[in-house]
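This report describes the architecture of a single protein chain. The sequence and the coordinates are shown first, and the description follows.

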Amino acid sequence: MKKAENERGKEMLHEFIINVPYKEIDDMTDKLNAAGIYNLYYEPPIEIIKVQNGYGYEEKAEEHVALKIYASDCEVDGLPDEYFSLITETLQLKKEDIMHTAREESEWEQTYEFEDIDLGNNWVITYPNSEQQYIGKQVLKFDPLAAFGTGLHETTQGCLRMILDSDLADKTVLDLGTGSGMLTIAASLKGAKKVVAVDYEDVARELYHNAQLNELTNDIDVVQADLITGDYEIEDNYDVIFINIGANETVQIIKHHDLLKNSNQFIISGLVEWNLDELLALFKDGGFVIHEKAQTNEWVTISFEKKS
């Protein structure tokens with residue numbers, strides 16, 4: 001029989017925190033796993049650094065991290081004492097080296113609520129938790145699920161402004177690296193008759209869910225494919241092609257598919273101001289000019305059109 005908390009119908013989740021050298025983290029987690037402790041969490045100590053294609057990170061091996069261990073008393077008897085004993089014996093620690101917290105499981109649950117985004121061009125992105133009414137404005141409804149792309153990043157917003165300011169009525173669109181499909185949804189709301197959305201991951205569920213949320217009825221085709229090293233070939237021509245990935249990947253995709261032959265208009269984002277030269281040269285050599293360029297902080301979005 002469980003402790004009194006469970007007898008009253010309350011399930012307690014216990015958190016144990018120990019401060020450990022990051023360079024020893026793998027050894028410690030292996031020992032805890034061998035002792036039957038599996039619910040572990042820690043955040044690697046990293047330093048964000050500027051790299052050619054945007055930003056990267058370096059791990060700081062000499063720092064300490066908070067190793068968090070979780071256990072529920074609906075699954076483990078005798079908490080917290082049972083885990084105090086296991087942890088101290090396994091890692092050769094003292095009990096006072098371990099910080100312990102216990103709360104009802106429902107109190108640990110987190111909900112991630114996004115604030116609506118006013119794009120400043122009469123369009124607003126709204127999320128499922130929103131109760132706001134936007135009189136006189138147009139709304140793109142979006143429910144972030146698993147795929148990359150919530151609309152929060154400068155690159156996504158840069159693309160969205162260009163797309164939502166465009167007339168895409170009865171046009172065909174190719175959205176490469178679609179992620180959660182927000183750009184596909186935007187193009188569809190602007191009247192695109194067909195959008196082909198391609199991503200390395202399987203994002204069909206997320207994309208079709210958001211298409212239904214916006215009551216879209218146009219033709220949307222979701223394709224799972226590796227655009228750089230895979231066998232997928234882009235054969236059809238499109239009125240507009242979107243790529244919101246990064247300069248290096250965009251150059252690879254264009255060269256791999258000889259993509260500049262497939263459209264006379266591109267909207268390219270995911271770019272940083274210090275890594276544009278090769279991309280600009282590629283479009284210039286292909287007979288394109290810059291139709292529009294927008295920048296927020298260091299992030300750049302460019303619309304290219306083929307010279308007539």
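In what follows, two strands are said to pair if DSSP finds at least two bridges between them. The model under discussion is predicted.

## Overall composition

The protein chain contains nine helices and 16 strands. Of its 308 residues, 44% count as buried. The chain exposes about 17,000 Å², and carbon and sulfur atoms supply 44% of that area.

Among contacts between residues at least 6 apart in sequence, 64% join residues at least 24 apart. The structure holds zero disulfides. As to individual cysteines, Cys74 is partly exposed, with a relative accessible area of 35%, whereas Cys159 counts as buried at 0% relative accessibility.

## The seven-stranded sheet

Seven strands form an open sheet in the order β12-β11-β10-β13-β14-β16-β15, with mixed pairing.

Strand β11 (residues 194–199) pairs with β12 in the parallel sense over six bridges. Within this pairing, Val222 in β12 is the bridge partner of Ala197. Helix α6 (residues 182–189) packs on the sheet and touches β10, β11, β12 and β13; the direction of α6 makes about 175 degrees with that of β11. Helix α7 (residues 204–213) also packs on the sheet, where it touches β11 and β12. Its direction makes about 165 degrees with that of β12.

## Helix α8 and its cover

Which residues of helix α8 (residues 247–257) are buried? They are Ala247, Thr250, Val251, Ile253, Ile254 and His257. Seen down the axis of α8, these buried residues fall within an arc of 165 degrees, so they line one face of the helix.

After α8 comes Asp258, which has a positive phi near 50 degrees.

## The loop at Gln52

Gln52 lies in the loop between β3 (46–51) and β4 (54–59). Is this residue buried or exposed? With a relative accessible area of 52%, Gln52 is exposed, because the cut-off for that class is over 50%.

Gln52 and Ala247 are 195 residues apart along the chain, yet their C-alpha atoms are separated by 9.2 Å. With neighbours within four places in sequence left aside, Gln52 is in contact with Asn248, Val272, Trp274 and Asn275.

## The four-stranded sheet

A further open sheet has four strands in the order β2-β5-β1-β6, with antiparallel pairing. Strands β2 (40–41) and β6 (99–104) stand at the edges with a single partner strand each, so one side of each is left without a neighbour in the sheet.

Strand β1 (residues 12–21) pairs with strand β5 (residues 64–72) in the antiparallel sense over nine bridges. His14 stands opposite Ala71 in β5. Helix α2 (residues 25–34) lies across β1, β2 and β5, and runs at about 15 degrees to β5.

Technical notes:
Residues numbered from 1 in each chain as written. Predicted model: local features only at pLDDT ≥ 70, side-chain atom pairs only at ≥ 80, totals over all residues. Heavy atoms only, no water. Helix = DSSP H or I, 4+ residues; strand = E, 2+ residues; numbered from the N terminus. Contact = heavy atoms within 4.5 Å. Axes fitted to C-alpha atoms, helices over the stretch in contact; angles between N-to-C directions. Buried < 20%, exposed > 50% of the residue type's maximum accessible area, 1.4 Å probe, protein only. Areas by Shrake-Rupley, 256 points an atom, 1.4 Å probe, with all protein chains shown as cover. Disulfide = S-S within 2.5 Å. Arc of directions from axis to C-beta.
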